[in-house]
Amino acid sequence: MTLRHLRIFVEVVNCGKMSEAASKLYISQSSISQTIAELESYYNVKLFDRLSKRLFLTSSGRELYEMASKVILSYDEMNQYMTHITDRQELKVGATFTIGATVMTQILKRLNGTCPNVTTRVVVDRTPVLERQILHGELDAALVEGTVKSPDVVVQKLMQDELFLVCSPEHPFAGKEQVEIKELEGQDFIMREPQSKTRKIFETYLEREHVAVAEKWTCNNPETIKSAVISGYGLSVLSERYVRRELEKGTIKAVPVRDIHMVRDFSLVYHKSKYRFPAFVNFVTICSNFSEIQ
């Protein structure tokens, strides 16, 4: 049994299918099947139940997955440590969409000023994707808006981000000083995807007041949402940071809703066993002073 066996096994679990794991690892599906068979033979256990062409982890498979993931992470941390003994450093960071579009460049600019020899690689995606990549050692840290579930991930809250109800200047709400939440009944909305933290916060208020809106668009890209709002396709809820320039130009209008204050947390997340190499420490320090970066 080798590290290669464990990497292949973990990838099969993450993908859910041997064919997808084979494609991602650039090896044949028969090699995947042989590797799993060798693991099962070596430990004399069954790792997967195969039902209706789908793979389901057995209890032994779940235990091996937890331990194998830690072994792979430790090995990758060792490799990273040895790499960072030299002057060459690579920092792999993630950001959710709004953070990636509004503050990540400022943070990295400040990082480059303190660590000029650091090469950074940035991934912008949803919080669950970034959390998974941190757990697998694919990212050193991430800045997220959503909720992280794993107990193996450290969550450091940085600040709160205010959410605004926004519309085009031509919308009937644009001229109002504020609206009642009941006035949102039946209004056309451009909504974030169901997993979005922004959407969940907004829906909490709608459900509390028994208000139903018309979901005309569903989108996970805030830039597309902003464009649709400007074009008059409906109302939406977006970060004040994300629409700050449009608010100043008057191409988007913020509409206060009586007795509603929508906020979410921006958080720094990283694996609790993360090796603290210099670039990582500097990145964490800069993020901890997030409020100064405005």
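Which residues does Ser150 touch, not counting residues up to four places away in sequence? They are Glu131 and Leu135, where contact means heavy atoms within 4.5 Å. Ser150 itself sits in the loop between E5 and E6. Helices (H or I, at least four residues) and strands (E, at least two) are DSSP runs, numbered from the N terminus. Ser150 counts as buried because its relative accessibility is 15%; buried means under 20% relative accessible area, exposed over 50%, and partly exposed in between (1.4 Å probe, protein chains only).

A word on the model before we go further. This is a predicted model, in which local features need pLDDT of at least 70 and side-chain atom pairs count only at pLDDT 80 or more, while totals for chains, interfaces and linings use all residues. Residues are numbered from 1 along each chain as its sequence is written, and side-chain values use heavy atoms, with hydrogens and water left out.

**The nonpolar cores**

A nonpolar core is a set of buried Ala, Val, Leu, Ile, Met, Phe, Trp, Tyr and Cys residues joined through side-chain atoms within 4.5 Å. The largest one here has 26 residues, and Leu91, Leu143, Leu268 and Phe283 have the most contacts inside it. At least two residues of this core come from each of strands E3 (89–95), E5 (141–144), E6 (153–167) and E11 (262–271), and from each of helices H6 (104–114) and H11 (278–288). H11 gives the most, with six residues. Look for Phe283: leaving aside residues up to four places away in sequence, its partners include Leu91, Val93, Met104 and Leu268. A second, separate core has 21 residues, among them Cys167, Phe173, Met191 and Met262.

**The cavities**

Rolling a probe the size of a water molecule over the atoms shows where empty space is left. On a 1 Å grid over the protein atoms alone, a cavity is a set of points where a 1.4 Å probe fits but cannot get out, and lining residues have an atom within 4 Å of a point. A search of the whole structure finds two cavities of 30 Å³ or more. Each volume is the space filled by probe spheres set on the points, which are joined across faces, edges and corners. In the table, Ala, Val, Leu, Ile, Met, Phe, Trp, Tyr, Cys and Pro count as nonpolar, Asp, Glu, Lys and Arg as charged, and the others, Gly among them, as polar.

| Cavity | Volume | Lining by class |
|---|---|---|
| Largest | about 50 Å³ | five nonpolar, two polar and two charged residues |

The lining of the largest cavity includes Phe189, Ile190, Arg192 and Thr198, and E7 gives the most to it, with four residues. Among the residues that line the second largest cavity are Arg192, Thr198, Pro222 and Tyr242. There, E9 gives the most, with three residues.

**Cysteines and a strand residue**

The structure holds zero disulfides (pairs of cysteine sulfur atoms within 2.5 Å). For Cys167, the nearest cysteine sulfur belongs to Cys219 and is 19 Å away. Cys167 is buried, with a relative accessible area of 0%, whereas Cys15 counts as partly exposed at 21%.

Finally, find Thr119 in strand E4 (residues 118–124). Thr119 is partly exposed because its relative accessible area is 46%. Thr119 and Ile190 are 71 residues apart in sequence and 37 Å apart in space, C-alpha to C-alpha.

Terms used:
On a 1 Å grid over the protein atoms alone, a cavity is a set of points where a 1.4 Å probe fits but cannot get out, and a pocket is an open set with protein on both sides within 12 Å along at least five of seven lines; lining residues have an atom within 4 Å of a point.
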